[in-house]
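Student: Could you walk me through reading a few features of this model?
Tutor: Gladly; let's take a look together.

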Amino acid sequence: MKFVKQEQLKLGMRIAKSIYNDKGVLLYERGTALVPAALQMLQNGDLFGVYILDATEPVPPMTDEEIEFERVQTLQWAELKKALESIAEGGNFNQVEPLANKILDMYSHLKKRITFFQTLRGPSDQYFKHSVNVASLTCMVASRLNIHYKEIYPIVCAALVHDVGKLYVDPDILYKPDKLTESELKTVRDAEIRGYNLIRNNVGISATIRRYITQFYQISMEKRSGGMFDSSKYLLGTQILKTMDLFDLMTSMRIYKKEESIYRACCYLMDNSQIYPSKIVEALVDSIDVIPSGTCVELQSGEKGLVVIENNRDFRKPTILSFKDNRMYDLADSKIAEGYYIKDILANFDNRNKMDLETLERVQPVS
């Protein structure tokens with residue numbers, strides 16, 4: 001499975017992730033091959049691109065619960081878009097409350113890990129989908145940390161509105177595929193501050209929510225100034241919010257940067273525990289499937305393998321089956337771990353060389 005940009009889509013390519021409209025209606029199911037009408041719709045549509053199956057790759061299995069998760073995400077971002085656009089124009093904050101309660105109902109009592117999916121994004125929905133994901137992840141992690149149900153609610157509300165300032169940015173700047181100029185960066189930052197002030201100065205919003213938003217922006221300012229912020233100075237809810245914000249940004253498709261795998265993102269957070277507290281990252285790893293059994297991986301050596309047994313104590317050290325010698329390796333064994341370290345998850349373990357027309361044209365016939 002690979003992400004293909006909108007302009008690079010071609011007839012016959014098979015869709016790896018279902019596509020829904022903002023009403024939650026299924027438009028194109030996984031495994032559907034692109035016919036002329038579908039290709040034209042996607043190329044003229046509002047997505048950065050779609051996930052495509054490789055030529056011989058089977059459609060990955062999904063449970064009914066996972067399919068519903070994808071569909072509900074689509075409905076939720078559309079609901080949030082309507083609420084935030086109203087708030088940005090001076091509307092009442094309580095418009096986000098029904099969505100916050102839905103997220104609490106869905107994720108605050110989960111006892112098992114979920115398969116976390118990144119929904120397809122485009123210019124008109126990128127930041128709404130981001131905020132819904134951050135709110136959902138924040139709710140799951142806060143629950144794992146045994147934060148009381150009523151105390152999770154304001155953190156979820158803060159997550160839903162933390163990016164409201166993006167609504168004040170010119171779309172040509174916000175979705176520019178190239179690096180922003182200093183002037184454009186200032187425009188974005190001014191808009192973010194405007195959104196922050198919109199929440200901070202609204203006395204109709206609870207003091208707790210406003211405090212989370214204030215601290216979130218304080219951390220953002222510290223990072224932009226090049227400083228190493230001390231997470232212990234901030235509320236636990238703020239620490240969760242900031243960690244989930246980065247996790248979603250790292251793993252989501254963006255027009256200007258390739259996304260990281262969930263595994264690589266969790267490794268990064270775990271390796272920077274002075275900024276992103278270990279207990280929060282551990283709660284995240286306990287909430288989602290990071291590297292479940294059946295996952296194909298690439299080792300630091302370049303070898304490939306299959307996760308056979310997960311390691312619930314350290315997700316980076318499962319037991320794997322090496323494709324090279326068909327042997328099992330327990331990466332939790334310190335002697336074995338010296339030579340076997342997981343580099344990343346493999347989206348596809350087809351070992352055939354990929355050839356394109358340009359490459360073939362460069363090959364000289366043997367005389």
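**Reading a helix, a sheet and salt bridges**

Tutor: Let's begin with helix length, where the expected span is 1.5 Å times one less than the number of residues. Helix H7 (residues 182–200) has 19 residues and should span 27 Å at 1.5 Å a residue, which agrees with its end C-alpha atoms being 26 Å apart. Helices (H or I, at least four residues) and strands (E, at least two) are DSSP runs, numbered from the N terminus. This is a predicted model, in which local features need pLDDT of at least 70 and side-chain atom pairs count only at pLDDT 80 or more, while totals for chains, interfaces and linings use all residues. Residues are numbered from 1 along each chain as its sequence is written, and side-chain values use heavy atoms, leaving out hydrogens and water.

Student: Which residues of H7 are buried?

Tutor: Buried means under 20% relative accessible area, exposed over 50%, and partly exposed in between (1.4 Å probe, protein chains only). In H7, the buried residues are Glu184, Val188, Ala191, Glu192, Gly195, Tyr196 and Ile199. Down the helix axis they fall within an arc of 140°, so they line one face of H7; the arc is taken from the directions from the axis to the C-beta atoms. On the face turned away from that buried side sit the exposed residues Glu182, Ser183 and Lys186.

Student: What do the buried residues of H7 pack against?

Tutor: Contact means heavy atoms within 4.5 Å. The partners are helix H5 (149–161), helix H6 (171–174) and helix H8 (207–224).

Student: What is the strand order in the open sheet of three strands?

Tutor: Two strands pair if DSSP finds at least two bridges between them. Here the order is S1-S5-S2, with antiparallel pairing. Strand S1 (2–5) and strand S2 (14–15) are the edge strands, each pairing on one side only. Two bridges join S2 to the antiparallel strand S5 (residues 49–53), and isoleucine 15 stands opposite isoleucine 52 in S5.

Student: How many salt bridges does the structure hold?

Tutor: A salt bridge is a side-chain nitrogen of Lys or Arg within 4 Å of a carboxyl oxygen of Asp or Glu. The structure holds 11 of them. In one, arginine 113 meets aspartate 289 at 3.7 Å, N to O. That pair links distant parts of the chain, 176 residues apart. Arginine 113 is partly exposed at 29% relative accessible area, and aspartate 289 is also partly exposed, at 21%.

Student: And glutamate 303 with lysine 324: how is that pair placed?

Tutor: Their side chains meet in a salt bridge at 3.9 Å, N to O. Glutamate 303 is buried at 16%, whereas lysine 324 is exposed at 65%.
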